[in-house]
Structure formats: C-alpha cells, structure tokens
Amino acid sequence: WGSLGHETVAYVASNFVAAETKELFQKLLYNDTSSYLANVATWADSFRYTAAGRFSAPFHFIDAEDNPPTSCSVTYSRDCGEKGCVVGAIQNYTSQLLDTTLPAGTRNMAAKFIVHFVGDIHQPLHDEALDIGGNTVLVTFGGVKTNLHHVWDTNMPEKLIGGYSLAYAEKWAETLTTAITTGIYRSLAASWLDGIDLADPVTTSLSWAEEANAFVCTTVLPNGVEAVADQELDGDYYTAAVPVIQLQVARAGYRLARWLDLIAQSVA
Ligand code: DCM
Ligand code: DCM
Ligand code: DCM
Ligand code: ZN
Ligand code: ZN
C-alpha cells in the first residue's frame, strides 16, 4: 500500500487495541499522541531505499509462484526467497518485540516493521510473483500512465478516499471501524481472528497471505494479464476492486490490533 493504506491500517488498529497495548507501543515508539501507530506506518518504505535499509526490501512481500487466474496459492518453502519475505519478517520482528532483553532501539525498529508489514501482507499483489507483483504491467488510471501494482497500492485507495494525508487516513479508519463494530463487517470480524497464534507467526501470517493472494485470481487478474495490460483501469475494474480494498485494509487493521494485544499481554 501507499501511505494512505498503511496509515489507515494503523489508525484502525489504534481503534481496537487494549489500553495496556497502547501504553506499551506509545513507549516503544516514543509517541504519546493518538497517532502513535500511524506516524510510523510508512517508515519502512523510506528505510528500504536507504543504504542501511536495503536488506529489508524483500520483507515487504512474498513472491507466490502460482499461476493466476487459473490457480492461486502461497507456500512458505516455495515462495519465501533466500533474502527473506514478509512472512519471515513478521516472525522475526515479532520475536524481537517479545524479547524484552533487546535494546530499546531494536524493539523500536521491530514495532515500526510490524505495523507496516501486517498492512503489506494484506495487499493482494504483495502476495504474487507474476510480473514482479504487477510492477511490470503497464496500465493507465484516470489517463495517467502507471503500473498495476501502483494502482492497487495508491491510485485506487486515493480515488476512493479523495486524498492521502494523515487526516484522510484517520477519516477512512473511522469509516472502517464503524463497519467493523456496527456495519457490514460486524458479523465477520470475529472470524478474521480465527487461527491467530502468537506462538506460530509463520502459520498465522501465511494464512493472511493465502487469503489476499486468492484475490489475485478473482479480482486483480480475473481474465489474466492480457486483459489489463495497456488498459484504463478507472472504470469497471476500479468498481470491482473497491470492496476488496476496503475489506483488506479493515482486516489488516483489526488483525494488527489483536497481534499487538497478544504481544503486550505476553511481555506484561
Ligand atoms: N504520496 C502518496 N500519494 C500521492 C503522492 C505522494 O501517497 N499521490 C506519498 C509518497 C511519499 C509522500 O507522499 O511518501 C510525499 O510525496 P511527494 O514527495 O510526491 O510529495
Ligand atoms: N515510496 C517511495 N519513496 C519513498 C517511500 C515510499 O517511492 N521514500 C513509495 C513507492 C510505493 C510505495 O512507497 O508506491 C509503497 O510501497 P509498499 O507497497 O512496499 O508499502
Ligand atoms: N513489490 C512486490 N513484489 C515484488 C517487488 C516489489 O510486491 N516482487 C512491491 C514493493 C513496492 C512496489 O512493489 O510496494 C515497488 O517496489 P520497488 O520500489 O522495489 O520497485
Ligand atoms: Zn506495494
Ligand atoms: Zn511496504
């Protein structure tokens, strides 16, 4: 996701965490405002472009070597590369957050990574190898030349919400929070936490990756790459994508809240 998606995931999570979780993460992040998670949500995207942060570039995705739209799947052994992947990163940085003997700076960085990666794993094209997660599929959106990955990360979320500032993210998060507590997701949200297990971050996050990757077959590339390449996607394609974007950002925020709660309970 772009900054709007990541900050919205963070605000949704802030709306559901326990008081003790908020206290722990405000301390780890040196931020006593209500935006303590949103303010660090895009840090990992700046860090990966620095010399010191290059190692973390593969941690933003898992390159599922499946065959959309005929067949979608994610397998840890097949798809998590030598240099790592988002599933392995969630495991590693979760374990750092659980180790209270580590230096504060290490756990600060781990917290920033977890907030970001739980967002990215819910973006369907972050769980797909084909065409480098859609980055080499050239398309237009509203007449502007871009690529399929960027359309999902940024163009479609920003068209839906109307901007990308922190204030827009906070507003989108309020809408999704209401949908979770009293609206269209009310009867579903509990099941989003099925199988969540702090003792097994790989199985837990792989299930999130498989669920997102399934949308590559149904919604991202329902008729294959040829059907979207060089096409204008601000039309029926956008209309079909919106419910998936809303759902995936809501799920990411709700699951991030529970993941941080489980960490806070474990170190208490
Ligand atoms: N940004 C965004 N959506 C846009 C334009 C920019 O999410 N339509 C993000 C990308 C950068 C930050 O805002 O992280 C600053 O962008 P810029 O340098 O283009 O102002
Ligand atoms: N991005 C960028 N430069 C930065 C920070 C962010 O270009 N310094 C943008 C490029 C991608 C976006 O971050 O569109 C999303 O990356 P990801 O989906 O891994 O979060
Ligand atoms: N990306 C991905 N899968 C890949 C490579 C990159 O999901 N195999 C994502 C990370 C960024 C965007 O695509 O969100 C652009 O990546 P980069 O800046 O590395 O080109
Ligand atoms: Zn992306
Ligand atoms: Zn990222």
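Student: How far is an oxygen atom of ligand 2 from an N or O atom in the side chain of H116?

Tutor: This is a predicted model, in which local features need pLDDT of at least 70, side-chain atom pairs count only at pLDDT 80 or more, and totals for chains, interfaces and linings use all residues. Residues are numbered from 1 along each chain as its sequence is written, chains are lettered from A and ligands numbered from 1 in the order in which they are written, and side-chain values use heavy atoms, with hydrogens and water left out. A polar contact here is a pair of N or O atoms within 3.5 Å. For the ligand 2 oxygen and the H116 side chain, the distance is 3.3 Å.

Student: What share of ligand 2 does the protein bury?

Tutor: Accessible areas come from the Shrake-Rupley method with a 1.4 Å probe. Taken alone, ligand 2 exposes 470 Å². The protein buries 67% of that.

Student: Which side chain has an N or O atom 3.0 Å from a nitrogen atom of ligand 3?

Tutor: Oxygen atoms of ligand 3 are 3.4 Å from side-chain N or O atoms of R48 and of H126. The side chain 3.0 Å from a ligand 3 nitrogen is that of D63.

Student: How much of the accessible area of ligand 3 does the protein cover?

Tutor: On its own, ligand 3 has 450 Å² of accessible area.

How values were computed. A polar contact is a pair of N or O atoms within 3.5 Å; within protein, one must be able to donate a hydrogen and the other to accept it, and residues adjacent in sequence count only if both atoms are side-chain atoms.
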